[in-house]
Structures are given as structure tokens and as C-alpha cells.
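Subject: Structure for you to look at, with notes

Dear colleague,

Please find below the structure we talked about handing over, together with its sequence. My notes on what turned up follow after it, and I would be glad if you read them with the model open.

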Amino acid sequence: MTNNEKEKAQYDVIIVGGGPAGLCAAMYSGRGMLDALLIERGLPGGELLNTELIEDYPGFESILGRDLAARMTSHTEKFGASIVTDTVDAIEKMDDDWFEVRTQLGKVYRAPTVLLTAGGTPNKLGVPGEVEYAGRGVSYCAVCDGAFFKDETIAVVGGGDAAVEEAGYLTRYAEKVFLVHRRDEFRASKLLQERAFKNPKIAVVRSQVVEEIGGGPSGATSLKLKDTKTGETSELAVTGVFIFIGFTPNSGLIKGHFDHDPSGYIITDWNMMTSIPGLFAAGDLRVQLTRQITTAVGDATTAAIAIEKYLAERQEAAKEAVGSA
Ligand SMILES: Cc1cc2nc3c(=O)[nH]c(=O)nc-3n(C[C@H](O)[C@H](O)[C@H](O)COP(=O)(O)OP(=O)(O)OC[C@H]3O[C@@H](n4cnc5c(N)ncnc54)[C@H](O)[C@@H]3O)c2cc1C
């Protein structure tokens, strides 16, 4: 149930983003009897709604992304968290130590704590075929989808650490991996490059830009390339195309300074609190080794419990201040 009608303006915690992290945190907060509001711009589920099959979430050997999203949403609603459909424009800590969360529908919600779980977006090539074959050959996640390409010939696009490392990872499954980069030199660390270039299953394709991803009813079947020096075009026969050309975390909603890494991923302490006291972050937009459903819900669990403690301590401090006045 989304209940825009029932919403009020003040909560214990406002959760921004209804992917696995946001839904899990709202479930814990509701169960912990906190007055929690979850704001999601679309249907709850986040990237689960862009994922065909999930085979690495414990308890579900194989489940459709949309089915897991529906199960997580109804589980969250069971414990009473309010979910509203709206897009958050800004999160700001005010002088009175409360946060204001402003939305596209012109609402201003207030709470002493905010949990940001707005995820991020893998950068896209923007070529024909990329959208058509997304989930049918085109992927942005090796850990998630690698196992679907056993003994096949695939391509990895990119030249940074992620591309080179994931190309190596994908050779566990694929027969052959073309590592396609638009430049001569790779940005990835020398160690990763050495390891990848020595791997007999990896063929390095330099100075080639992807012009198009071709395919048919079964999914992607080819990659059309253009040589950046000669302008010549060529085609690689591949059934999978893994694109690693960066990921943009949705951390720009936070007004004011907060600690982040050079790519905008949010740095937190081990309670998931950011450098702004009372502002927590969980899931894909946080600095961490890997980005999976399990890590998103793990972060969210820690954040929800840490928020309960933070609120209790805040209340205690307020009582003491009144007592000593
Ligand atoms: C194609 C694909 C396949 C994947 N397959 C797997 C897999 O098989 N197994 C696995 O473990 N992981 C998989 N992953 C990774 C996994 O989906 C993510 O790690 C996980 O969804 C992260 O959860 P999250 O809640 O942090 O972010 P997200 O799932 O990205 O959710 C963020 C939510 O925030 C909302 N939002 C963003 N901005 C705003 C705003 N301004 N206002 C309101 N709402 C906002 C978004 O609409 C979204 O619903 C896959 C990812 C992709 C892209």
C-alpha cells in the first residue's frame, strides 16, 4: 500500500529510496515501533525491478527480481512503515538539529534522523541495442549475471579497475572474454592489468569504441566496434556484454558537506552514520567492496538498529538537559 493520503509531516526517521536497503530498514524500523516514512520515487524494489532472475539471495535458489521486490514490500508494510510515492529533491540538516526532506510534490517532511538508500546508476554506453538487450545479454554486474554465461563468448567494456577485475572474474564461467577498451592504455592498476593480460581466456581489444549491440529474439549476439585510429568497423560475435564504465551514486541530494570518495560514494562509520550526525546511508551508494542485495540489506539492518540507539540517546540527552536547567 502506498499511502500518500495518510502522511503527516514529522517522523522519527525518513528513509529515502525504496530498494532492498530502504525496504529492509523500513521493515526493521516499523518492527522497532519507530515512526518511519519511506519515500520512493517509483515502485518499491529498486534495482530488483531491473533484474530478471536472482540466484544468490539466501533462502531463494531462484526468484524473479520483481517477485522478491513484491515480497520485500509486503513484508515492510506488514510492520507498519508508511510508504509514499514522491521524488526527494533535497535533504538538509537545519539549525534546530532536525532534517528537512523536500520533495518534487512540494512536501517538506521533518525528522531527527534520515537514512539515505537511494542507490545509484551504472553509467551507460548510450548505444543502440543497450536498452533492448538489457537483462538479455547486456549486464552491469558480473557477480549477479556471470553464471548465466557458462562456456559462452562474451565481452567486457571498460578500461578501469572494475572492467579489468570483472573480466578476470568472468573467465570462471565464460569460454572467452573480449576486454574492449576505447583507448590504448588501461586506467586499471598495473597489477590487475598484468593478471588479466596473462589470462589465456581474455583477449584484449584496444582503441575500439562500441557503436552498437546487435541481437535477436534470444538476446544479444554481437558487438559492433569502430577503430578510433583508422575508423574501420568490425564485429565480435558475443552472447554477453558486461559494461563497466562507472557508476553514479545518488548522493547529490544531500545539501551541505559530507565525507565521500572521489566518485561520490558516501563514507560512513560502522553504524552507517555519515559525517553529518543523524544522517545515515546504506546500500549501493555507500563506499564498500561490493554492491549486492545481501550487502544492501546488511547495511540497512545495521543502520536501522543504529538509528534506534541514536534516537534513544538523543531523547536521554534532552531529558538530562531539561533536568539540569
Ligand atoms: C541489472 C542488475 C542485476 C543485478 N542482479 C543482482 C543479483 O542477481 N544479485 C544481487 O545480489 N544483486 C544484484 N544486483 C545488485 C543489486 O540489485 C543492488 O546491489 C541492490 O538493489 C542495491 O539496493 P539499494 O537499496 O542500495 O539500491 P537500489 O536497488 O538502487 O534502490 C534505490 C531506490 O532509491 C530510489 N530513489 C533514487 N533516488 C530517489 C529520490 N531522489 N527520491 C526517491 N527515491 C529515489 C530508486 O527509485 C530506487 O528504488 C543487480 C543490479 C543490477 C543493476
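In this predicted model, strand β6 (residues 88-93) and strand β7 (residues 99-103) run antiparallel and are joined by five bridges, one of which can be located from A90, whose bridge partner in β7 is R102. The two strands form a hairpin with five residues between them, and the loop between β6 and β7 is where D97 lies. D97 is not a glycine, yet its phi is positive, at about 75°. Is D97 buried or exposed? It is exposed, because there are 10 other C-beta atoms within 10 Å, and a residue counts as exposed at 12 or fewer.

Leaving aside residues up to four places away in sequence, L23 touches G18, P44, M72, T73 and T76. If you want a distance to check on screen, L23 and I54 are 31 residues apart in sequence and 17 Å apart in space, taken from C-alpha to C-alpha.

Helix α1 also packs with α6, at an angle of about 35° and with the axes 8 Å apart, and the crossing of these two helices is right-handed. On the α1 side the contact is made by P20, A21, C24, A25, Y28 and S29, and on the α6 side by I293, A296, V297, D299, A300, T301, A303, A304 and I305. Sorted by class, this contact of α1 with α6 has twelve nonpolar, two polar and one charged residues.

Helix α6 (residues 293-323) has 31 residues and reaches 45 Å from its first C-alpha to its last, which is close to the 45 Å expected at 1.5 Å a residue. The buried residues in α6 are I293, A296, V297, D299, A300, A303, A304, A306 and I307, and what covers them includes, besides α1 (20-31), the strands β1 (13-16), β3 (53-54), β9 (113-116) and β20 (279-281).

Another part of the model is built around an open sheet of five strands, in the order β11-β18-β12-β13-β14 and with parallel pairing. Its edge strands, each of which pairs on one side only, are β11 (138-139) and β14. Within this sheet β12 and β18 pair in the parallel sense over four bridges, and the bridge partner of A155 in β18 is V241. Helix α4 packs on the sheet, touching β12, β13, β14 and β18, and its direction makes about 165° with that of β12.

In α4, the residues A162, A163, V164, E166, A167 and L170 are buried, and the buried residues of this helix pack against α3 (142-145), β12 (153-157), β13 (176-180), α5, β14 (202-205) and β18 (240-243). As for the helix pair, α4 (residues 161-170) and α5 (residues 190-198) pack at an angle of about 35°, with their axes 9 Å apart, and α4 passes α5 in a left-handed crossing. D161, V164, E165, A167 and G168 of α4 make the contact with L192, Q193, R195 and A196 of α5, and by class this contact has four nonpolar, two polar and three charged residues.

Finally, there is an open sheet of three strands in the order β15-β16-β17, where the pairing is antiparallel. The edge strands here are β15 (208-216) and β17 (233-237), each pairing on one side only, and the twist averages 25° from one strand to the next. Strand β16 (residues 219-227) is joined to β17 by five bridges, the two running antiparallel, and K224 stands opposite E235 in β17.

Conventions
Residues are numbered from 1 along each chain as its sequence is written. This is a predicted model: local features need pLDDT of at least 70, side-chain atom pairs count only at pLDDT 80 or more; totals for chains, interfaces and linings use all residues. Axes are lines fitted to C-alpha atoms, for helices over the stretch in contact, and angles run from 0 to 180 degrees between N-to-C directions. A crossing is left-handed if the near helix is turned anticlockwise from the far one by less than a right angle, and right-handed if clockwise. Two residues are in contact if their C-beta atoms, placed from the backbone, lie within 7 Å. Ala, Val, Leu, Ile, Met, Phe, Trp, Tyr, Cys and Pro count as nonpolar, Asp, Glu, Lys and Arg as charged, and the others, Gly among them, as polar. The expected span of a helix is 1.5 Å times one less than its number of residues. A residue is buried if 20 or more other C-beta atoms lie within 10 Å of its own, exposed if 12 or fewer, and partly exposed in between; C-beta atoms are placed from the backbone. Two strands pair if DSSP finds at least two bridges between them.
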